[in-house]
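User: I would like to learn how to read a structure like this one. Could you walk me through it, one feature at a time?

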Amino acid sequence: MSNLKRKAATTGNETEAKKTKANGSIASFFGAVPKPAGAAASSASPAAKFDKAKWIEGLTAEQKELLKLEIDTLHDSWLALLKDDVTSKEFLELKKFLNRETAAGKKWFPPKEDVYSWSRHTPFNEVKVVILGQDPYHNVNQAHGMAFSVRPPTPAPPSLRNMYIALKKDYPSFVEPANRGGLLIPWADRGVLMLNTCLTVRAHEANSHANRGWERFTQKVIDLIAQKRTRGVVFMAWGTPASKRVQRVDKQRHLVLLSVHPSPLSASRGFFDCGHFKAANEWLITRYGDDGEIDWALKPGNTTKKAVKEAPKEDAQATTNGETKDTKEAKESEKKKEDEAKEEESEKPKADAKTNGVSKTGKPEDDVDSDEEAALEEALKLAEEQIKN
């Protein structure tokens, strides 16, 4: 009797399995394959399940033409997640708008090939930190698809220089790039996604591409990270518009760091002492271990990562040149403190000459990335209303 029950149960299970296979998609079938070690924890990219060629075949001729930039330059790990968004009516209208801008001879930034550079340098499964920006830089040789970053030889804009000041407070070992550089690609390659609210802007006209569809698209990027990067991500939201974009983020799963914008117009109200760069690393280490720490250094040979612990064999050396190990470490620690004190003292003249990005005349410098927060807030409100409708 028991044999008959087992046989019936087995038959039932086989039937159910056959039904599942019959009704399941190819993607779900492959999804059943055991994931590599650590895949679930790191929220591996869905690109392996995404048949890009088949997706492209399903597009209309018009869609293929309008989405050529996305097909060619948006990283597959992101396209797999955003494929339905880029084929939406609103997004296609955005692409038509950009084509009209080009046809009318209106120059816009960043260069087309750089609009999605953030996606290629920071694939979805590698995101550990998100820094939210506002509008792309709108002058020549500035914007290249990453918030706050500029290509050489353009010097770091005031907001980015203020970020360097905050970084230096968190990590005294941080050294600014040579020639006042502002290229942040090394951060992107280490898992820092620098995402603007709008991804394009007309030359010399701040917020000129607001309310065209970018706000909804980049909000979806933020939401996807919050939903699918289950191991946890740090969100840095500076300024009122940025803080509104992370309101729905689960603060139990992720770390959300809020502050005023690093613009010279607001940085003195708390940004310099926000401690975000160090706080991010301390939290990431609790989630990812030591490998989760971001190296914020931008100059070759420099690092902000904590020193690697000495090998155990070194501990066996009780004395070196007649000194005990404790005595030697104490002397080295004292010397390090003296050096740091000298370093801080040497920085003071610079801070006095240009405090919080404001010149001695008391007149704020022109900050190319702090234009019209009110306009951006209005754009976000419109985008939110569209989503609700």
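## Reading the model, feature by feature

Analyst: Happy to. Let's begin with a charged pair: K106 forms a salt bridge with E101, and their closest N and O atoms are 3.9 Å apart. Please keep in mind that this is a predicted model.

User: What is the general idea behind such pairs?

Analyst: Side chains of opposite charge can pair when their charged atoms come close. Here, K106 is partly exposed, with a relative accessible area of 39%, whereas E101 is buried at 5%.

User: Which residues make up the network that includes K106 and E101?

Analyst: Salt bridges with shared partners join E101, K106, R202 and E205 into one network.

User: How many salt bridges does the structure hold?

Analyst: It holds 14 salt bridges. One of them pairs D76 with K52, with 3.1 Å between the closest N and O atoms. D76 lies in helix α6 and K52 in helix α3 (residues 52-57), so this pair ties together parts that are 24 residues apart in sequence. D76 is partly exposed, at 31% relative accessibility.

User: Where in the chain do D114 and R151 lie?

Analyst: D114 forms a salt bridge with R151, the closest N and O atoms being 3.4 Å apart. This pair links distant parts of the chain: D114 is in the loop between β1 and α8 (117-121), and R151 is in the loop between β2 and α9 (158-170), 37 residues away. D114 is buried, with a relative accessible area of 9%, while R151 is partly exposed at 31%.

User: Now the secondary structure. How many helices and strands are there in the protein chain?

Analyst: The protein chain has 16 helices and eight strands. At 1.5 Å a residue, the 15 residues of α7 should span 21 Å, and the end C-alpha atoms are 21 Å apart, which agrees.

User: Which residues of α7 are buried?

Analyst: They are F91, L92, L94, K95, F97, L98 and E101. E101 is the residue from our opening salt bridge with K106. The cover over the buried residues of α7 includes α4 (61-66), α5, α6, β1 (108-109), β4 and α11. Just after this helix, G105 takes a positive phi of about 80°.

User: And the sheet? In what order do its strands come?

Analyst: To read a sheet, follow the strands across it. Four strands form an open sheet in the order β3-β2-β5-β6, with parallel pairing. At the edges stand β3 (192-195) and β6 (255-259), each with a single partner strand, so one side of each is left without a neighbour in the sheet. The twist from one strand to the next averages 15°.

User: How many bridges join β5 to β6?

Analyst: Five bridges join β5 (residues 234-238) to β6, and the two strands run parallel.

User: How should I think about the interior?

Analyst: In soluble globular proteins, nonpolar side chains tend to be buried together. In this model, the largest nonpolar core has 46 residues, and those with the most contacts inside it are W78, Y116, W118, W214, F217, I225 and F235. The elements giving two or more residues to this core are α5 (68-73), α6 (76-86), α7 (89-103), β2 (129-132), β3, α11 (214-228) and β5. The largest share, seven residues, comes from α11.

User: What is I225 in contact with, leaving aside its neighbours within four places in sequence?

Analyst: I225 is in contact with W78, F124, V127, V130, L193, V233, F235 and H254. There is also a second, separate core of 41 residues, which includes A143, V201, W238 and L284.

User: Is C198 buried or exposed?

Analyst: C198 is buried, with a relative accessible area of 0%. It lies in the loop between β3 and β4 (201-202). Apart from neighbours within four places in sequence, C198 is in contact with Q134, D135, P136, H209, A210, W214 and E215. W214 is also among the residues with the most contacts inside the largest core.

User: What does the whole chain look like in these terms?

Analyst: Buried residues make up 43% of the 389 residues in the protein chain. Among contacts with a separation of 6 or more, residues 24 or more positions apart account for 71%.

Notes
Residues are numbered from 1 along each chain as its sequence is written. This is a predicted model: local features need pLDDT of at least 70, side-chain atom pairs count only at pLDDT 80 or more; totals for chains, interfaces and linings use all residues. Side-chain values use heavy atoms; hydrogens and water are left out. Two strands pair if DSSP finds at least two bridges between them. Axes are lines fitted to C-alpha atoms, for helices over the stretch in contact, and angles run from 0 to 180 degrees between N-to-C directions. A nonpolar core is a set of buried Ala, Val, Leu, Ile, Met, Phe, Trp, Tyr and Cys residues joined through side-chain atoms within 4.5 Å. Buried means under 20% relative accessible area, exposed over 50%, partly exposed in between (1.4 Å probe, protein chains only). Contact means heavy atoms within 4.5 Å. The expected span of a helix is 1.5 Å times one less than its number of residues. A salt bridge is a side-chain nitrogen of Lys or Arg within 4 Å of a carboxyl oxygen of Asp or Glu.
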